[in-house]
Amino acid sequence: RLGIRLTDEQKAFVDELVTRLVKKGQPLTHIYAEHEAEMPMSLRSLYNYIDAGELSIKNIDLRRKVGYKARKKPRGWVLKEQRYREGHTYADYEFYMKHTGLSALEMDTVKGVREQGKRLLTMIFQDNSVMLLFLMPDGTGASVKRIFDYLERGLGLERFQRLFPVILTDNGTEFRNIAGLELTEDLQYRTKLFFCDPMASWQKPHIEKNHEFIRYVIPRGKTLNPYTQEDMTLLMNHINSTKRPGLEG
């Protein structure tokens, strides 16, 4: 009710800093966490000043301020072929996690412009939101298995089992070779794989949310073919360096 509580100097400093960093693509929560000691107001007040038009940037410049489309009601999708899901459903996942106390990862793929061409295999650790990005030549099950084998060789079986004990993913055909992903070449278990229910992406919310960061840089409809694994590693490191409110800044 008292209006903006900043001096002209404070307002000019905040306006220049926030506007410059937002235009670089940084989320407002990250900017505030990085410069909290310099800020003469709370994060909530910063949002209010932007909402009131007191700064150069507007709500339309803030990614999370842009409204989402209304969610559609579930259509009751049923998978025609479900034998591969036996013992690996979301209900099985909940039971397994309840009785083991292990931590889990969520896994998905990100397509380019078409079904053909390069594709990203994405993984995220639920405990700390660290994301891994692996560029694959295509979206086949064989390419996914090669990534698993690469990680097992590099880490060793014991460390792989410790880091990737449980993986939750969707029902894409690239993940249906359960034995190939769960077992080593000499048939030892290296991980446990489970599938979300059909059309229930909310069951793996961490990775769905983190895909937004990928799409800021590689919009839908843009091919992945020009990129290399080095490009994806750079993108991955930028995403993992973003400060989050959910991780206490």
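This note sets out a few points on the fold and the salt bridges of a predicted model.

1. The protein chain holds nine helices and five strands, and from the N terminus on these elements follow the order α-α-α-α-β-β-β-α-α-β-α-β-α-α. Of the 249 residues in the chain, 41% are buried, while the chain exposes about 15,000 Å², with carbon and sulfur atoms supplying 52% of that area.

2. Among contacts between residues at least 6 apart in sequence, 62% join residues that are at least 24 apart.

3. The count of salt bridges comes to 12, and one of them pairs Glu174 with Arg119, whose closest N and O atoms are 3.8 Å apart. Because Glu174 lies in the loop between strand S4 (166-169) and helix H7 (178-182), whereas Arg119 belongs to strand S2 (residues 119-125), this pair ties together parts that are 55 residues apart in sequence. Both Glu174 and Arg119 are buried.

4. A salt bridge also joins the side chains of Lys145 and Glu185, at 2.9 Å from N to O. Lys145 sits in helix H5 (residues 141-155) and Glu185 in the loop between H7 and strand S5 (192-195), so the pair ties together parts that are 40 residues apart in sequence. Glu185 is exposed, with a relative accessible area of 66%.

5. The side chains of Glu208 and Lys204 meet in a salt bridge of 2.5 Å, N to O; Glu208 counts as partly exposed at 28% relative accessibility, whereas Lys204 is buried, with a relative accessible area of 2%. Elsewhere, salt bridges with shared partners link Lys145, Asp149, Glu152, Glu185 and Arg190 into one network.

Note on methods:
Residues numbered from 1 in each chain as written. Predicted model: local features only at pLDDT ≥ 70, side-chain atom pairs only at ≥ 80, totals over all residues. Heavy atoms only, no water. Helix = DSSP H or I, 4+ residues; strand = E, 2+ residues; numbered from the N terminus. Buried < 20%, exposed > 50% of the residue type's maximum accessible area, 1.4 Å probe, protein only. Contact = heavy atoms within 4.5 Å. Areas by Shrake-Rupley, 256 points an atom, 1.4 Å probe, with all protein chains shown as cover. Salt bridge = Lys/Arg side-chain N within 4 Å of Asp/Glu carboxyl O.
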